[in-house]
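Subject: Structure handover

Hello,

Here is the structure I said I would pass on. My notes on it follow below.

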Amino acid sequence: MTNSSSSNYRGIGNTGEDLVAQWLKSTGWTILHRQWSCRWGEIDIIAEYVGKQQSEVQIRFVEVKTRSRGNWDRGGRDAITEQKKEKICRTAQMFLAEYADKVNYQCQFDVAIVQYCSRDRLHKNLTHGSLSLPKASDRMITSLMTAEYEFTLQDYIQGAFEFN
């Protein structure tokens, strides 16, 4: 197996974020920002949903974790540490300070779990009959194919953690 360069990992992460952003748009959300950053950190996706009344406006701060199959941190779930949560919360506070018109909206922190697999590996497993079928507990919300990889949005955890 060849080692992927850090720029390849960034590309994989960006594609995972693309998948989540496309899915959010398809469910009625407007993407306000991608990779919004300040001195405290970065938020992968900031999305807004406007209901029928102004009081129904919601803001979602979405952390996207894109991982290969069989990774060490349960698809990125273990990477959402208390320190990471605090960093995202501080970054969200900076966003709301900059966009004061959004400060009174309902805000929530969500986590999206994206899994990717190389198309070569996927093809090889299909050809040799060694592709394991998903378990009933495995979910696939949506997917995206690129020239090299297949990406699947496995889980979208609404309200994954609270503002500190």
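**The aromatic pair and its cluster**

Phe109 and Phe161 are both buried (buried means under 20% relative accessible area, exposed over 50%, and partly exposed in between, with a 1.4 Å probe and protein chains only). This is a predicted model, in which local features need pLDDT of at least 70 and side-chain atom pairs count only at pLDDT 80 or more, while totals for chains, interfaces and linings use all residues. Residues are numbered from 1 along each chain as its sequence is written, and side-chain values use heavy atoms, with hydrogens and water left out.

The structure holds 10 aromatic pairs (rings of Phe, Tyr and Trp, the last by its six-membered ring, pair if their centres lie within 6.5 Å; planes under 30 degrees apart count as stacked, over 60 as edge-to-face and the rest as tilted). The ring centres of Phe109 and Phe161 are 4.8 Å apart and their planes are at 15 degrees, so this pair is stacked. Phe109 belongs to strand E4 (residues 106–118) and Phe161 to strand E6 (residues 149–161), so the pair ties together parts that are 52 residues apart in sequence. Helices (H or I, at least four residues) and strands (E, at least two) are DSSP runs, numbered from the N terminus. Ring pairs also link Phe109 and Phe161 into a cluster with Trp36, Phe61, Phe95 and Tyr99.

**The nonpolar cores**

The largest nonpolar core has 18 residues, and Val20, Leu24, Ile45 and Val62 have the most contacts inside it (a nonpolar core is a set of buried Ala, Val, Leu, Ile, Met, Phe, Trp, Tyr and Cys residues joined through side-chain atoms within 4.5 Å). Two or more residues each come from helix H1 (6–26), E2, strand E3 (58–68), E4 and E6. H1 gives the most, with six residues. Apart from this core lies another, of 17 residues, including Ile43, Ile46, Ile88 and Cys89.

Leaving aside neighbours within four places in sequence, Val20 is in contact (heavy atoms within 4.5 Å) with Ile45, Val62, Val64, Ala112, Val114, Leu153 and Tyr156.

**Glu48**

Glu48 lies in strand E2 (residues 41–49) and, at 12% relative accessibility, counts as buried. Its side chain makes a polar contact with the side chain of Lys102 (3.1 Å). A polar contact is a pair of N or O atoms within 3.5 Å; within protein, one must be able to donate a hydrogen and the other to accept it, and residues adjacent in sequence count only if both atoms are side-chain atoms.

Regards
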